[in-house]
Amino acid sequence: MAEQEHEIDRRGLFRWIINGVVTAIGAVVTVVAGGAIVAPSLKKPAERWLPAGRILGLQPETPTPVTVRVVRREGYYEAVDHETVFLIREPGGEVRALSSICTHLGCHVHWDAKARLFKCPCHGGVYDINGKVVSGPPPRPLATYPTRMDQNEVFVEL
Amino acid sequence: MATRGKGVLNWLDSRTGYRNGLKHLLDEPIQSGTGWWFTLGSILMALLGIQFITGAVLTMYYVPSPAYAYDSVKYISTGLTFGHVLRDLHFFGASFIVIAAVAHLLRVLFFGSYKKPREVTWLTGVCLLLVILGFALTGYLLPWDQRAYWATVVSTNIAKTAPLLGPYVSALMKGGQDVGALTLNRWFAVHVIILPALLVVLAVTHLYLMRRHGISGPVRPRHGKSHPFYPDHAIKDTLVVALVFALLVTFAVYGHAPLAAKADPTDASYIPRPEWYFMSLFQLLHYFKGGLEPVATIGIPTLLVAVLFLLPWLDRKQDRDPRKRPVVTTVTVLVLGGIVTLTAIGLHETPPEPNPDIWGPASVAGEAIAQSTQCTRCHTDGGVAAVLGSQEIRQGDGWIEGHLSDPEMIAPGLRPKPQDALDVVQTRAVIAYVKKLQGGVPPPSMPADVRAAYVVIGSNCLGCHSIKGEGTRSGDAPDLTHEGRTRKADWLDQWITDPTMIDASSTMPAFGDKLNAQQIQTVANYLSSLK
């Protein structure tokens, strides 16, 4: 009887060790493999101040479309995008940057100089010079990007 | 909560019967006396599982294209969180698997476990070994570095030496006539789709047959009642797997899976070196030359595999004791001894990997040539060409080679072919020098006598010899990296001056009339100092 109990103790210990080892190996593999899978998605996007042109070329209170070259490091790959933003020189001299992407479904808006409105060619979204929705389906105003000036050069943070 | 969990499991069991299945798996009766040697299969299973997981994650980042393969592997190793450990687990795991598979095979051989009724289990096992070697071969190419590229050039050329179908098999392996983009793509497909599928089918069959016939157990059956697999034998498996896993993680964390320079098909100076598990085959080639080459490349490996496949029918007696099967035991020991010896000789004789950050004799000699009047006639301050090293050099090897050996080819009418044109060895030296400049490696400071020896060696010897990972070996010319271990300075001096004075049959040219006595002495002294 005592021998049988001893046998049960021994097997219980074996089970405990087996479970422990399997869990430990599983944990190490999960951390390494899981970490490598998740890590790039957790990376915060780097702050990118990109040159967008000279202030002297901007007409006051007239949105001017400029194409900004955006270089993104995607792991082993260097992706180059070109994004269009509208620069608007305020009467006070500061410069605002508006996204050209319609907040409805992502089409590119254009500036209608006669009507002094941004118009989206896809579904008729209309915005005013400050990016506020005037009519149509867009749910939000056009996105505004931070800008700063450095010796007449305009920088936009994308 | 616990009862609800149990309820779900009860429901699952009522629909699938998984508890009985699990019980059937875990309660396998294991004969008394089944010892630690019977844990090798479990080690393999665990290691293969780790390869599957790490391989799947590596595939998320790897690109099988010559344009990005190298960059993506470099990113995994240096840019990705845990990427270094991930790649090293996969890299060293491959070596662990080859060792475990061979150990498992030897255990089955010595214990006579392949005998009736386990012949088919044995056959699936031999197939699994071939699949594992297939994984090793195809995986080696994927990083697309110099090691990968040149080892694959050699292995596909080996396939070419097979009689009749050789050239077709080689072209099929390469997806064309050269190792290139299509080769990389198909080897990747074989590595991540075809071989894993084969492995799963074969491994499941192997395990099923193992259960069907039971574990063969000790050579002489022992008396005593059998025990269930779980936990009595499983504890042995677990402890051994834990040990192997700890060792693998240590290698992965502290080791470095190599990544040489990016594959460069135009760099003829690279010395191909296989991974250690193919080293014995590679070394065998040194002993079978010319028409006999297929004996080493195809004949001996095919014979070995054929004998393995036929073994259960070649050795049909029921007795499993290795002492009562002297032929099998002796042949196994001899073959194993042969493989180990060939591997050891191969590892000893293979020159070390060139370190891209170290200036070897070729690059130092190239620098000396670049600073001589041959080059500075034009490459001078205010001259027709820029001072070498003053600006980035973008031209490739082929351009530089043409520029040095035949300027007409590059720029017709610019300048005539110089009287003192460079020979092949000197041209390669200059290319090696330009590579260092392109790589931004600063010139080294070294003792004057070493530099002098480097200049002579780099511009004279590296057409036939290799040293410290530079140069090309041709014919019987040995690697000189450890020349001082076997030769003294006096002997070397005499040998370089005129080899036929020592060995009338030597094919090495005499340098007594090409180099002066001091140059020869410098080289002899330097080489004899290399231990």
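Me: Domain bounds come from an automatic or database domain assignment. Which domains does that give for chain B?

Reply: Domain 1 covers 1–29 and domain 2 covers 31–349 of chain B. Residues are numbered from 1 along each chain as its sequence is written, chains are lettered from A, and ligands are numbered from 1, both in the order in which they are written. Keep in mind that this is a predicted model: local features need pLDDT of at least 70, side-chain atom pairs count only at pLDDT 80 or more, and totals for chains, interfaces and linings use all residues.

Me: ok, how far apart are the C-alpha centres of those two domains of chain B?

Reply: 36 Å. As for contacts (C-beta atoms, placed from the backbone, within 7 Å), four residues of domain 1 of chain B meet five residues of domain 2 of chain B.

Me: And by class, what's on the domain 1 side?

Reply: Two nonpolar residues, two charged and no polar ones. Here Ala, Val, Leu, Ile, Met, Phe, Trp, Tyr, Cys and Pro count as nonpolar, Asp, Glu, Lys and Arg as charged, and the others, Gly among them, as polar.

Me: Cores next. Which residues of the largest nonpolar core touch the most other members?

Reply: B:L44, B:L47, B:L86, B:I97, B:A100, B:W144 and B:A148, out of 61 residues in that core. A nonpolar core is a set of buried Ala, Val, Leu, Ile, Met, Phe, Trp, Tyr and Cys residues joined through C-beta atoms within 7 Å. Buried needs 20 or more other C-beta atoms within 10 Å of the residue's own, exposed is 12 or fewer, and partly exposed is in between, with C-beta atoms placed from the backbone.

Me: What does B:L47 touch?

Reply: Leaving out residues up to four places away in sequence, B:L47 touches B:G93, B:F96, B:I97 and B:A100. Another core lies apart from the largest one; it has 31 residues, including B:Y433 and B:I496.

Me: Switching to chain A. How many helices and strands?

Reply: One helix and eleven strands. These are DSSP runs (helices H or I, at least four residues; strands E, at least two), numbered from the N terminus.

Me: Compact or spread out?

Reply: Chain A is more spread out than a compact globule, because its radius of gyration is 29 Å, well over the 15 Å that the globule rule gives for 158 residues. That radius is taken over C-alpha atoms, and the rule is 2.2 Å times the number of residues to the power 0.38. The C-alpha trace spans about 100 × 40 × 25 Å along its principal axes, and 16% of the residues of chain A count as buried.

Me: What are the domains of chain A?

Reply: Domain 1 is 1–43 and domain 2 is 49–157. Their centres, over C-alpha atoms, are 55 Å apart.

Me: How do strands 2 and 3 of chain A run?

Reply: Antiparallel, with eleven bridges joining strand 2 (residues 64–74) to strand 3 (residues 77–89). Two strands pair if DSSP finds at least two bridges between them. A:R73 is bridged to A:E78. The two strands make a hairpin with two residues between them, and A:G75 in the turn has a positive phi of about 65°.

Me: And what about strand 3 with strand 4?

Reply: Five bridges there, in the antiparallel sense, with strand 4 at residues 95–99 of chain A. A:V85 partners A:S99. Five residues sit between the strands of that hairpin, where A:G93 takes a positive phi near 105°.

Methods
Two residues are in contact if their C-beta atoms, placed from the backbone, lie within 7 Å.
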